[in-house]
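Take a first look at the protein below. Keep the sequence and the 3D view side by side as you read.

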Amino acid sequence: MLIDGYGRVVDYLRISVTQRCNFRCKYCMPKTPFSWVPHENLLSYEELFLFVKVAIDEGVKKIRITGGEPLVRKDIDKFIKMISDYAPDIDLALTTNGFFLKHYAKLLKEAGLKRINMSVDTLVPQKAAMLAQRSVLHEVLEGLEEALKAGLKVKINTVALKGINDDELVYLLEFAKERNCEIRYIEYMENTHANDELVGLRASEILDIISKKYTIKEVGKAPNSPSTSYEIDDGYKFGIIDPHKHDFCDSCNRIRLSAEGLLIPCLYFEEALSIKDAIKKGDIAAATEVLRKVLQNKPQKNKWEAAKENEVSNRAFYQTGG
Ligand code: SAM
Ligand code: SF4
């Protein structure tokens with residue numbers, strides 16, 4: 001079992017398989033050039049898998065593949081299959097913008113993937129194009145339908161933004177409900193990489209908007225989840241991830257691995273240690289040692305909480321894996 005310096009059991013590994021992305025979302029990487037990450041810096045799937053096996057053997061029970069956009073990394077289904085074959089019972093999920101799902105959904109399901117989280121911030125093509133800085137909605141919605149058809153369980157992630165999708169939050173909820181998907185609204189996390197004109201909606205504002213149409217009952221947080229769950233009149237449940245409330249560190253159970261081999265104990269990548277050398281040499285004992293050190297360094301609270309009110313985080317979601 002993996003236990004950090006504050007006695008928390010760590011059983012959830014998030015792997016960012018690439019920093020690259022085919023979108024340029026305004027809240028994530030609006031100014032990043034399209035050709036900036038050298039592929040040769042990445043650990044191969046075989047190398048990442050060496051570490052995944054260590055993590056599973058030491059007690060990791062849940063793995064999420066993310067990025068960047070994980071589906072832009074070639075043969076991602078093969079990596080999923082490696083993990084799934086090694087640990088068929090592991091809770092294996094992927095977070096995606098959905099653009100390439102039309103092609104990948106069936107392959108991912110066959111490879112052993114169980115669940116996906118998909119980002120859908122708007123159902124208006126022009127707004128989606130404005131946010132992602134390219135025309136995307138048609139492919140995203142096709143991808144969503146394909147994922148459902150393939151039998152993947154889908155959660156929809158929606159970053160709630162003032163003046164952009166606040167008028168669509170109810171419509172998005174109904175869209176998700178009709179497809180038997182849970183929707184989770186995410187409070188926008190201000191960060192230095194994002195477009196500084198964006199203003200996010202707080203959880204209370206999201207609830208105000210939805211309560212104009214539905215009666216809402218708070219259900220609470222599932223263990224280790226950053227999302228608070230709510231129920232509307234007919235029993236449909238939705239979630240809100242409210243990082244501004246700063247109340248999920250006490251039950252944090254996760255560590256993150258970047259595509260370059262940085263093992264990140266918390267949202268801030270400055271505190272990370274690299275497993276790259278150990279993994280490149282195939283030195284499992286050394287990789288396990290790095291894992292133990294990172295767990296000991298896992299901070300009690302994320303630095304964002306320690307920051308002054310309104311201070312903007314330097315965290316890049318696409319580097320550490322959102
Ligand atoms: N490309 C995939 C996607 O968009 O789903 C996976 C990576 S993305 C970094 C993971 C999640 O982070 C997405 O749901 C995205 O909406 C969220 N995200 C990115 N920047 C954010 C920000 N500044 N505030 C809140 N959520 C953010
Ligand atoms: Fe790409 Fe996801 Fe970031 Fe959007 S949120 S730019 S889709 S990594």
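This briefing goes from the whole chain to its ligands and then to single residues.

The model is a predicted one. The protein chain has 322 residues, and 56% of them count as buried. Its secondary structure comprises 11 helices and 12 strands.

**The whole chain**

- Along the principal axes, the C-alpha atoms fill a box of roughly 55 × 45 × 40 Å.
- The radius of gyration of the protein chain is 19 Å; a compact globule with 322 residues would have one near 20 Å, so the two agree.
- The chain exposes about 14200 Å². Carbon and sulfur atoms supply 52% of that area.
- Take the contacts with a separation of 6 or more: 72% of them join residues 24 or more positions apart.

**Ligand 1**

- A backbone N or O atom of G68 lies 3.0 Å from a nitrogen atom of ligand 1.
- M189 places a polar backbone atom 2.9 Å from a nitrogen atom of ligand 1.
- N191 uses its side chain: a polar atom there lies 3.2 Å from a nitrogen atom of ligand 1.
- Taken alone, ligand 1 exposes 550 Å², and the protein buries 95% of that.

**N22 and F23**

- N22 sits in the loop between strand 1 (12-16) and helix 1 (45-58). F23 has its place in the loop between strand 1 and helix 1 too.
- Is N22 buried or exposed? Its relative accessible area is 7%, so N22 is buried; the cut-off is under 20%.
- The side chain of N22 makes a polar contact with the side chain of N97, at 3.1 Å.
- Leaving aside neighbours within four places in sequence, F23 is in contact with M29, N97, F99, A132, R134, V136 and V140.
- F23 and A132 are 109 residues apart along the chain, but their C-alpha atoms are separated by 5.1 Å.

- T288 is part of helix 9 (residues 284-297). With 15% relative accessibility, T288 counts as buried.
- Which residues does T288 contact, apart from neighbours within four places in sequence? They are V54 and E58.
- T288 and E58 are 230 residues apart in sequence. Their C-alpha atoms are 8.7 Å apart in space.
- D277 belongs to helix 8 (residues 276-280). Its relative accessibility is 57%, so D277 counts as exposed, for which the cut-off is over 50%.
- D277 and Q133 are 144 residues apart along the chain, and their C-alpha atoms are separated by 37 Å.

**Two positive phi angles**

- Most residues other than glycine have a negative phi.
- Q133 is not a glycine, yet its phi is positive, about 65°.
- Q133 lies in the loop between helix 4 (125-132) and helix 5 (137-150). With a relative accessible area of 40%, Q133 is partly exposed.
- N180 is a residue other than glycine with a positive phi, near 65°.
- N180 lies in the loop between helix 6 (169-178) and strand 6. Its relative accessible area is 74%, so N180 is exposed.

Technical notes. Residues are numbered from 1 along each chain as its sequence is written. Chains are lettered from A and ligands numbered from 1 in the order in which they are written. This is a predicted model: local features need pLDDT of at least 70, side-chain atom pairs count only at pLDDT 80 or more; totals for chains, interfaces and linings use all residues. Side-chain values use heavy atoms; hydrogens and water are left out. A polar contact is a pair of N or O atoms within 3.5 Å; within protein, one must be able to donate a hydrogen and the other to accept it, and residues adjacent in sequence count only if both atoms are side-chain atoms. Accessible areas come from the Shrake-Rupley method with a 1.4 Å probe; for residues, only the protein chains shown count as cover. Helices (H or I, at least four residues) and strands (E, at least two) are DSSP runs, numbered from the N terminus. The radius of gyration is taken over C-alpha atoms; the globule rule is 2.2 Å times the number of residues to the power 0.38. Buried means under 20% relative accessible area, exposed over 50%, partly exposed in between (1.4 Å probe, protein chains only). Contact means heavy atoms within 4.5 Å.
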